[in-house]
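Trainee: Could you show me how to read the features of a protein model, one at a time? I would like the general idea before each case.

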Amino acid sequence: MKEEFPGWHGTTIIGVRKGGQVVVAGDGQVSLGQTVIKGTARKVRRLSPGGQDVVCGFAGSTADAFTLLERLEAKLEATPGQLARACVELAKDWRTDKYLQKLEAMLIVTDGRDLFVVTGAGDVLEPEHNIAAIGSGGNFALAAARGLYDSDLDAEGVARQAMAIAADICVYTNGNLTVETLTE
């Protein structure tokens, strides 16, 4: 019987929109099976196609995510100032292109105004309650952020606290955060 190679696991990414800001935060852990390979990966990136600021966080295969980020950047250059349209165009390509269909990743994308989750199933989702979360600890971070949202914390405070809670629960998430903020 052929033993399967253990899959790469780990990542929690959260996006929080509150008080005129959108914050995307991601942990730094990359795991292979039960082993932590790296604890300081940078899974949240700032893109500036055509002078517009866009922040993306990714969960899944790093090479696949970078392929998607390059494609998203090209879509943003083709449709300046239209994040929703660029995300829909990316999702259509991702869903229909035989090469892209094999990519295993998810994205949280924001321009400081809009916040979307983009998936390989062709989804471009605008989250309810101004919070989006993906990755292995995404549901923990989402639940924590929803509980913290009405507190006195700003968007970054909610994101940081939610990520700390997710890191305490999910073994594939750590507390080494990359945090990017955009203002509406």
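**Reading a predicted model**

Mentor: Ile165 lies in helix H4 (residues 155–169), where helices (H or I, at least four residues) and strands (E, at least two) are DSSP runs numbered from the N terminus. This is a predicted model, in which local features need pLDDT of at least 70 and side-chain atom pairs count only at pLDDT 80 or more, while totals for chains, interfaces and linings use all residues. Residues are numbered from 1 along each chain as its sequence is written, and side-chain values use heavy atoms, with hydrogens and water left out.

Trainee: Is Ile165 buried, partly exposed or exposed?

Mentor: Buried means under 20% relative accessible area, exposed means over 50%, and partly exposed is in between (1.4 Å probe, protein chains only). Ile165 has 33% relative accessibility, so this residue counts as partly exposed.

Trainee: How should I read the loop residue Gln29, and what does its side chain contact?

Mentor: A polar contact is a pair of N or O atoms within 3.5 Å; within protein, one must be able to donate a hydrogen and the other to accept it, and residues adjacent in sequence count only if both atoms are side-chain atoms. Gln29 sits in the loop between strand E3 (21–26) and strand E4 (30–32), and is buried because its relative accessible area is 6%. Its side chain makes a polar contact with the side chain of Ser31 at 3.0 Å, and the side chain of Gln29 also reaches the backbone oxygen of Val171 at 2.8 Å.

Trainee: How many disulfides are there?

Mentor: A disulfide is a pair of cysteine sulfur atoms within 2.5 Å, and by this rule the count is zero. Take Cys87, which is buried with a relative accessible area of 0%: the closest cysteine sulfur, in Cys56, is 7.5 Å from the sulfur of Cys87, and therefore too far for a bond.

Trainee: Which residues have the most contacts inside the largest nonpolar core?

Mentor: A nonpolar core is a set of buried Ala, Val, Leu, Ile, Met, Phe, Trp, Tyr and Cys residues joined through side-chain atoms within 4.5 Å. The largest one has 22 residues, and those with the most contacts inside it are Leu72, Leu107, Val109 and Val118. At least two residues of this core come from each of strand E7 (54–60), helix H1 (62–78), helix H2 (83–96), strand E8 (105–110) and strand E9 (115–118), and H2 supplies the largest share, six residues.
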